[in-house]
Amino acid sequence: VFEFLKAAVLRCFKDADRRKLSKWIQVASPDTLDIEKIFIDVIQNSAFGWDHVVEGLVMLGFQLMDSHLPKNQSISSLTSPQHRSCLLGQRILCECFKAHPMVHQEVVTQLLNRILANAASYAEPYIDLLRQVVGASPQVIFDFMPQMREALGFISLLPYLPAVKLLSAILPLVQLSLSVRDAL
């Protein structure tokens with residue numbers, strides 16, 4: 001099911017690209033499907049009794065983020081359907097995190113695991129999501145300080161740039177808590 005949804009999202013982004021390039025398609029099909037708005041609406045509605053879809057949205061968000069292609073990044077790849085699906089995955093996860101306390105544990109755990117696992121290749125989207133989550137809900141992240149400390153224990157093993165970005169992502173936590181500052 002998730003592979004189908006991921007393929008549908010990529011197809012929507014590819015169709016939007018084709019639509020932008022063709023005046024004929026723009027005239028023939030003036031309405032566009034805003035896939036991001038649809039997902040944000042689902043997340044907002046899930047706060048009103050649709051809790052059963054939230055776990056699936058979190059899984060889909062991570063799958064969309066995992067679909068990015070880190071190789072040979074260029075300016076054009078920053079607007080590619082894969083990159084935009086990665087950004088949509090980030091947005092889905094960030095909005096789910098803000099709206100549903102029940103996913104906090106899963107999002108933080110998966111996020112830290114992916115940052116550490118992909119640090120050598122391409123952890124930037126995951127670190128960006130961590131920055132967004134910390135910025136949006138720093139007090140919530142304090143509940144997961146043991147996991148954060150454990151992840152920071154591996155910081156000396158990370159390549160330089162991901163390590164710096166990880167530290168800058170958690171900087172608001174350091175500024176709010178002396179105990180976090182002392183732990184570093």
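A: Begin with the surface. This is a predicted model, and the accessible surface of the protein chain comes to about 10,400 Å². Carbon and sulfur atoms account for 59% of that surface.

Q: What does the C-alpha trace of the protein chain span along its principal axes?
A: The spans are about 60 × 45 × 30 Å.

Q: How many helices and how many strands does the secondary structure come to?
A: The count is 12 helices and 0 strands. Read from the N terminus on, the elements run α-α-α-α-α-α-α-α-α-α-α-α.

Q: What share of the residues in the protein chain is buried?
A: A residue counts as buried when its relative accessible area is under 20%. In this chain of 184 residues, buried ones make up 41%.

Q: How do I read contacts against distance in sequence?
A: Take the contacts between residues at least 6 apart in sequence, and ask how far apart their partners lie along the chain. Here 69% of such contacts join residues at least 24 apart.

Q: Which residues of α1 are buried?
A: They are K6, A8, V9, L10, F13 and R19. What covers them includes α2 (23–28), α3, α4 (54–66) and α5.

Q: Why does R19 count as buried?
A: R19, in helix α1, has a relative accessible area of 18%, and the cut-off for buried is under 20%, so R19 counts as buried.

Q: What about α5: how many of its residues are buried?
A: Helix α5 is mostly covered, with 14 of its 19 residues buried. The helix takes in residues 81–99 and reaches 26 Å from its first C-alpha to its last, close to the 27 Å expected at 1.5 Å a residue.

Q: Which residues is C86 in contact with, leaving aside its neighbours within four places in sequence?
A: C86 sits in helix α5 and is in contact with L64, M65, H68 and P125. C86 counts as buried because its relative accessibility is 2%.

Q: Is R114 buried or exposed?
A: R114 is buried, at a relative accessible area of 17%. The residue is found in helix α6 (residues 104–118). Not counting residues up to four places away in sequence, R114 touches F62, D66 and Y126.

Q: Last, the largest pocket. What is its volume?
A: The volume is about 350 Å³. Of the 15 residues that line this pocket, the closest to its centre are C12, D15, A16, T32 and L33.

Q: Which elements give two or more residues to that lining?
A: They are α1 (2–21) and α3 (35–46). The largest share, 7 residues, comes from α1.

Q: What classes of residue make up the lining of the largest pocket?
A: The lining has 6 nonpolar, 1 polar and 8 charged residues.

Notes:
Residues are numbered from 1 along each chain as its sequence is written. This is a predicted model: local features need pLDDT of at least 70, side-chain atom pairs count only at pLDDT 80 or more; totals for chains, interfaces and linings use all residues. Side-chain values use heavy atoms; hydrogens and water are left out. On a 1 Å grid over the protein atoms alone, a cavity is a set of points where a 1.4 Å probe fits but cannot get out, and a pocket is an open set with protein on both sides within 12 Å along at least five of seven lines; lining residues have an atom within 4 Å of a point. Grid points are joined across faces, edges and corners, and a volume is the space filled by probe spheres set on the points. Helices (H or I, at least four residues) and strands (E, at least two) are DSSP runs, numbered from the N terminus. Ala, Val, Leu, Ile, Met, Phe, Trp, Tyr, Cys and Pro count as nonpolar, Asp, Glu, Lys and Arg as charged, and the others, Gly among them, as polar. The expected span of a helix is 1.5 Å times one less than its number of residues. Buried means under 20% relative accessible area, exposed over 50%, partly exposed in between (1.4 Å probe, protein chains only). Contact means heavy atoms within 4.5 Å. Accessible areas come from the Shrake-Rupley method with a 1.4 Å probe; for residues, only the protein chains shown count as cover.
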